[in-house]
Amino acid sequence: MEATVTTESKEKVWGGGNEPLRASYGKMMMWFFIVSDALTFSGFLVSYGFSRFKFIEIWPIADEVFTHVPFFHGNYPMYYVAFMTFILIMSSVTMVLAVDAGHKMKKTKVTWYMFATIIGGLIFVGSQAWEWATFIKGDYGAVETKGGNILQFVNADTGKRIALEEFATTIPSERDRLERKDAFWFQSEGSLPSYTINEVVEGVKSHPNVLVKTAFFDETGHKKEVLSREESLEVLKDAKLVVEGANLTRNEYGHPLFADFFFFITGFHGFHVFSGIVINIIIFFNVIIGTYERRGHYEMVEKVGLYWHFVDLVWVFVFTFFYLV
């Protein structure tokens, strides 16, 4: 017997009417997308976990990497990342309020709560861009050996990491930058490190309080992070280049895979947030011009709300696994 769908049930979009799982087609498709995207992020985080524990000895510690706060100088481990997380979670709260106001057909409240959600998303994306720029630029600088190990430098008296500029010796004749006037077949020179290997090595030799910090195992198999003065000078003999900041091939903070996963996972999540902001802006203007008032429901606000909550939830996992664990 063929089912009969009345006009009343067709118009009852918000509650789902007599449709499967009491959800409209649009909400069902949004849930399908969320489940598939959740599996994608799960694969990324699992891969990150395997790589981290495989190279646990030389994996950077988040508290030593993400220590910056805009407009403030000093060491503030994870403060700004926590602020970003708080802003994104609060934007999820305003989205809930927008959906609730849509249930009650209160256009003004939906408008303001959507506006607050958009502002929260923009703050988060802008903060991520700033964090990327800071991570790429780097803080201290390091040296990479022929075996691919990263050698960092610490003050023997304080035990704290020090920047290359604090001890490196400037050698004027060490290298000359090529200029256009010097050669006919001139190509623009790429970005060079601030110091050469020889300048760093000579600086270490002339500063007795500078030691090398790296993942090093002695003959007994015990891990030594800070080497002695003699060991520091010996390991520098294998140094091949200076590393400043992080990119997809090198990372002054430790293993290059850390930077690879950082850019890929946070970048992929940032793309989701940016996409959500664009969609929210479209919905926001539709609310202003009364599109959903004429339809008689704000289901579109609820659908974009599902996506926004998913993006927030994914960040909670990224924040936990990447920054906290």
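Accessible areas here come from the Shrake-Rupley method with a 1.4 Å probe, and for residues only the protein chains shown count as cover. On that basis, the protein chain exposes about 18,400 Å², with carbon and sulfur atoms supplying 63% of it. Before going on, note that this is a predicted model: local features need pLDDT of at least 70, side-chain atom pairs count only at pLDDT 80 or more, and totals for chains, interfaces and linings use all residues. Residues are numbered from 1 along each chain as its sequence is written, and side-chain values use heavy atoms, leaving out hydrogens and water.

Let's start with the whole chain. You can find 10 helices and 5 strands in it; these are DSSP runs numbered from the N terminus, with helices (H or I) at least four residues long and strands (E) at least two. Of the 325 residues, 44% count as buried, where buried means under 20% relative accessible area, exposed over 50%, and partly exposed in between (1.4 Å probe, protein chains only). Now take the contacts (heavy atoms within 4.5 Å). Among those between residues at least 6 apart in sequence, 69% join residues at least 24 apart.

Next come the rings. A pair of aromatic rings is described by the distance of the centres and the angle of the planes. Rings of Phe, Tyr and Trp (its six-membered ring) pair if their centres lie within 6.5 Å; planes under 30 degrees apart count as stacked, over 60 as edge-to-face and the rest as tilted. The structure holds 37 such aromatic pairs. Look at Tyr-48 and Trp-59: their centres are 5.8 Å apart and their planes sit at 70°, so this pair is edge-to-face. Tyr-48 belongs to helix H2 (residues 25–54) and Trp-59 to the loop between H2 and helix H3 (62–65), so the pair ties together parts that are 11 residues apart in sequence. Tyr-48 is buried, at 3% relative accessible area, and Trp-59 counts as buried at 6%.

Now try Phe-317 and Phe-321, whose ring centres are 6.4 Å apart with planes at 15°, so the pair is stacked. They are 4 residues apart in helix H10 (residues 299–324), which puts about one helical turn between them. Phe-317 counts as partly exposed at 42% relative accessibility, and Phe-321 does too, at 37%.

The structure holds 1 cavity of 30 Å³ or more, and about 90 Å³ of space lies in the largest cavity. Of its 13 lining residues, the closest to the centre are Phe-66, Thr-67, His-68, Trp-130 and Glu-131. Helix H5 gives the most to this lining, with 4 residues.

The largest pocket has a volume of about 1,000 Å³. Its lining has 41 residues, with Glu-64, Val-65, Tyr-140, Arg-161 and Tyr-253 the closest to its centre. The second largest pocket has a volume of about 470 Å³. Among its 23 lining residues, Lys-137, Ser-194, Val-243, Glu-244 and Gly-245 lie nearest the centre, and strand E5 gives the most to the lining, with 3 residues.

Definitions and conventions: On a 1 Å grid over the protein atoms alone, a cavity is a set of points where a 1.4 Å probe fits but cannot get out, and a pocket is an open set with protein on both sides within 12 Å along at least five of seven lines; lining residues have an atom within 4 Å of a point. Grid points are joined across faces, edges and corners, and a volume is the space filled by probe spheres set on the points.
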